[in-house]
Amino acid sequence: MGQNRQRKTKTPDGMERPRLELLAPAGTPEACRAAIHAGADAVYLSGNRFGARAYADNFSQDELFVALDYAHLHEKKIFLTVNTLLKQREIADELYPFLKPLYERGLDAVIVQDFGVMHLIHTQFPQLPIHISTQMSVADAHGAAFLKEQGATRVVTARELSLAEIRAIHDDVEIELECFIHGALCYCYSGQCLLSSMIGGRSGNRGRCAQPCRLPYAVLDEGRHMVSDAKEEAYPLSPKDLCAVALIPELAQAGVYSFKIEGRMKSAAYAAGVTSVYRKYIDLYLNGTDGKVLAKDRERLLETGSRSGFTEGYYNQRNGKNMMAMRHSGHRKDGVSSERAAAEYLKADKKIPVQAELFLAAGEPAMLTMREPQRGIQGFAQIGAVEPAKKQPLSEADAKAQISKTGNTPFYVETASVTIQDAVFLPKQALNQLRRDALENLTELCLAPYRRAAAPGQMPDPISEDTVRSGNAPLFTASIERAEQLAPVVSAAFVSRVYLDGMLYGRESFFAQLAEHAARLHAAGKEAYFALPAVFRRHTAAFYEANFQKLLDTGVDGFLVRTMDELGFLKEKGVAGARCVLDASLYTYSDHARAAYAAAGFSHDTVPFELNKKELRARHNAQSELVVYGRTPLMVSAQCIQKNLRACGHKSGLLFLKDRYKNEFPVKNHCTDCYNVIYNSLPLSLIQLADELEALQAEAYRMQFTVEDAARVQKITDSCRQAFLDRRIPDMAEITGGYTNGHYKRGIE
């Protein structure tokens with residue numbers, strides 16, 4: 001895969017250190033300027049479309065132009081967040097016209113979550129660097145390598161990775177790595193959260209997260225007895241804020257290039273205050289001084305706000321109660337001194353030094369040069385013919401004073417030299433015009449390297465013949481997570497494929513049990529697909545890497561794929577096409593996303609949970625499975641509620657989160673690969689809408705079994721057969737005890 005060789009710089013004592021980037025957030029133009037003044041090398045922000053912080057003030061197009069020019073004049077960068085999932089209409093009608101003027105203006109990079117958006121940007125704007133958002137949950141070198149192959153230039157890693165895991169990606173893939181170093185942490189792997197979406201219709205995938213993870217929950221065991229103390233452990237899903245300023249040397253040595261501060265919803269004072277502290281310690285590291293973080297600087301960071309103090313996140317620990325707020329979930333400021341300390345950056349007018357040279361000679365044009373020594377660029381202007389002085393000649397001092405009045409331009413005159421031959425006269429208005437013209441010319445020359453020309457854009461039609469239904473009747477599939485669920489799906493003759501989840505198998509008897517289950521399914525005339533884990537980090541990847549042939553030897557016919565890392569892994573192994581089905585966690589909101597995955601070798605997918613029936617009818621579903629029953633996974637987390645509130649028993653189990661409305665959300669701890677899954681309090685059911693679903697022309701209907709016992713699985717499979725094959729709609733409320741239509745009828749913004 002190749003070594004990722006970081007750019008190097010030398011310390012005063014001759015040691016080499018990697019060059020680092022400090023990346024600051026901005027929700028407003030004021031915050032953008034303040035962050036640059038405070039020492040940011042780059043600023044990430046959003047326009048009025050497609051950003052994952054829809055409730056921030058964000059930037060108009062004119063404000064984006066101003067921010068780009070301001071940053072580029074100061075030799076800084078602007079990254080635009082296009083890190084939401086886009087619907088069909090948005091890609092077709094809005095994406096290109098939104099990006100084109102920014103691309104031409106010199107936008108430095110886009111941050112993306114949607115695989116289809118990534119593919120289109122790479123095609124339509126080939127010179128625009130693409131940064132993979134942490135919303136893609138990249139956790140392993142396989143995912144980073146796959147995305148680099150698709151056109152990515154940088155990966156913002158999953159926030160849950162350790163220093164060792166980051167180092168492994170750096171060593172294996174030649175791609176820039178960006179990691180969060182300060183700010184709020186999500187409980188869930190970013191991009192894998194549907195909690196806000198399903199509870200209140202405000203989707204984090206669309207930048208509208210309502211943060212229900214910050215609300216109180218009681219934790220119950222399988223017998224519905226309280227596990228958590230209502231006062232001491234009321235907020236089991238609310239992490240403390242990240243503060244990793246002391247880990248700058250270790251992160252740099254692990255291969256991190258860009259150090260990212262979270263906080264586009266926060267104030268300009270926050271952006272400036274936090275940036276200034278991290279600038280200090282990054283510079284100390286680059287200068288060869290790995291000094292301890294001073295107490296006063298930690299206090300400054302605390303004063304900008306935190307949740308029950310700070311944590312250093314996952315860099316040196318897998319998970320733990322000490323990372324969680326538990327008793328409080330609110331973001332609190334401990335003082336106002338941080339805003340005072342940041343005032344200098346908020347009020348500062350950061351100017352660029354220039355050297356002015358004026359030449360005046362009677363009968364010749366007046367000529368002014370404005371030289372910017374840092375870049376070695378000089379602006380030039382000339383005007384008219386200088387007249388001989390009839391009365392009082394222009395003095396050198398007056399001329400120097402006039403050309404030094406740079407006003408509200410980005411420049412200030414550091415040195416001015418005036419050459420006047422003979423006695424001449426030039427009106428102040430002429431000198432002012434000369435100065436303005438020279439500075440405008442200098443500005444244009446400074447910005448010229450950033451300008452690009454975009455080709456005439458037209459979003460390609462993603463539809464091809466293989467995406468149109470052949471007219472065959474849809475297939476029926478089922479996925480299972482418990483061993484007792486196997487028998488009823490084996491006996492369901494109409495089910496043609498079963499997905500066997502990794503949760504079914506411990507490492508000791510993994511392959512023998514999987515082979516036995518695959519053989520039972522084959523004997524019943526069904527396909528056996530293996531459902532890969534919801535998280536594919538280094539220790540998990542190492543197991544499958546070492547045992548992939550054994551996995552194939554079990555007789556499985558294919559795979560249900562859940563992460564970018566697994567896509568990269570399977571592609572490396574030469575497994576793609578019909579042998580792979582993308583799960584709903586690999587989002588295919590649009591036909592463009594489906595076409596992008598198909599171009600990469602993965603043409604079969606699962607319909608996303610967040611689209612409504614109108615959007616689903618506009619989508620081509622010929623190679624898509626539609627989940628018609630199952631508890632929707634709402635969160636996948638590196639944190640373990642079992643461990644945080646009891647102890648780590650290394651044994652998978654079931655707990656429940658009870659919210660203030662008495663809803664109970666099942667929580668499974670998957671100990672083999674060390675993650676938790678929180679499921680919806682009610683199962684999704686579209687079985688009762690069987691007649692209506694035909695219009696979607698899906699390739700298959702899936703029943704997704706998670707916590708159900710064998711008897712419940714039997715009832716659900718019977719009801720599915722009745723509805724779709726016998727045309728008798730069962731009473732799903734009676735069968736399930738309560739269900740939800742999910743987003744099928746309501747959708748999301």
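Me: In what order do the 5 strands of the open sheet lie?
Reply: This is a predicted model, where local features need pLDDT of at least 70, side-chain atom pairs count only at pLDDT 80 or more, and totals for chains, interfaces and linings use all residues. Residues are numbered from 1 along each chain as its sequence is written, and side-chain values use heavy atoms, without hydrogens and water. Strands (DSSP E runs of at least two residues, numbered from the N terminus) pair here in the antiparallel sense. The order is S10-S30-S31-S32-S29.

Me: Which are the edge strands?
Reply: Pairing takes at least two DSSP bridges between two strands. An edge strand in this sheet pairs on one side only. The two are strand S10 (218-220) and strand S29 (633-637).

Me: Which residue in S32 stands opposite Val-667?
Reply: Strand S31 covers residues 664-670 and strand S32 covers residues 675-679. They are joined in the antiparallel sense over 4 bridges. Opposite Val-667 stands Ile-678.

Me: Which element gives the most residues to the lining of the second largest pocket?
Reply: A pocket is an open set of points on a 1 Å grid over the protein atoms alone, where a 1.4 Å probe fits, with protein on both sides within 12 Å along at least five of seven lines; lining residues have an atom within 4 Å of a point. Here 25 residues line the pocket, and those closest to its centre are Glu-222, Arg-482, Leu-654, Lys-668 and Val-707. Strand S30 (654-658), S31 and helix H22 (710-724; helices are H or I runs of at least four residues) each give two or more residues. The most, 5 residues, come from S31.
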